[in-house]
Amino acid sequence: MVKLVYCICRKRGISREEFIRYWAEVHGPLGARIPGLRKLVQSHALPVSGDHRPADFDGMAELWFDDLAAVLEARRSPEWEAATADEANFVDPTRSAYFVSEEGQIL
């Protein structure tokens, strides 16, 4: 399995609560329709009282596929295009990061 990881920041002017609601209730269902997707997880950053370092990102999305061929095939789908287009509604692409990975479990 391979995993796509997106570390994302919300668009300026969108509250944390609205960002999480939109991502979970609107964007999440769009992403779930991507063909070949085996697992989709959203992780929402938590504010930590007393932490002197704020989070670098507002959240992380993880998308699992069987292999790289499945990723490339998914990227050609209308479902992928729809999910990508929707990111403009809540994601700041200038403050976000992305990579393709293969997990190595330690514990």
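**Salt bridges and pockets in a predicted model**

Asp-66 and Arg-38 form a salt bridge, with their closest N and O atoms 2.9 Å apart. Asp-66 lies in the loop between β3 (59-65) and α2 (68-75), and Arg-38 in the loop between α1 and β2 (39-44), so the pair ties together parts that are 28 residues apart in sequence. This is a predicted model, in which local features need pLDDT of at least 70 and side-chain atom pairs count only at pLDDT 80 or more, while totals for chains, interfaces and linings use all residues. Residues are numbered from 1 along each chain as its sequence is written, and side-chain values use heavy atoms, leaving out hydrogens and water.

**Salt bridges**

- A salt bridge here is a side-chain nitrogen of Lys or Arg within 4 Å of a carboxyl oxygen of Asp or Glu, and by this rule the count comes to nine.
- Asp-92 is buried, with a relative accessible area of 8%, but Arg-12 is exposed at 63%.
- Arg-53 pairs with Asp-56 in a salt bridge whose closest N and O atoms are 2.7 Å apart; Arg-53 is exposed at 57% and Asp-56 partly exposed at 48%.
- Lys-3, Glu-62 and Glu-103 are linked in a network of salt bridges.

**Largest pocket**

- A pocket is an open set of points on a 1 Å grid over the protein atoms alone, with protein on both sides within 12 Å along at least five of seven lines, and its lining residues have an atom within 4 Å of a point.
- The largest pocket holds about 390 Å³ of space.
- Of its 21 lining residues, Tyr-6, Ile-8, His-27, Ala-61 and Glu-87 are the closest to the centre.
- α1 gives the most to this lining, with four residues.
- By class, the lining has 14 nonpolar, six polar and one charged residues.

**Second largest pocket**

- The second largest pocket has a volume of about 260 Å³.
- Its lining has 17 residues, with Ala-45, Leu-46, Pro-47, Pro-54 and Ala-55 nearest the centre.
- This lining divides into 10 nonpolar, no polar and seven charged residues.

Technical notes. Buried < 20%, exposed > 50% of the residue type's maximum accessible area, 1.4 Å probe, protein only. Helix = DSSP H or I, 4+ residues; strand = E, 2+ residues; numbered from the N terminus. 1 Å grid on protein atoms, 1.4 Å probe; cavity = no way out; pocket = protein on both sides within 12 Å on 5 of 7 lines; lining within 4 Å. Points joined across faces, edges and corners; volume = space filled by probe spheres on them. Nonpolar A, V, L, I, M, F, W, Y, C, P; charged D, E, K, R; others polar.
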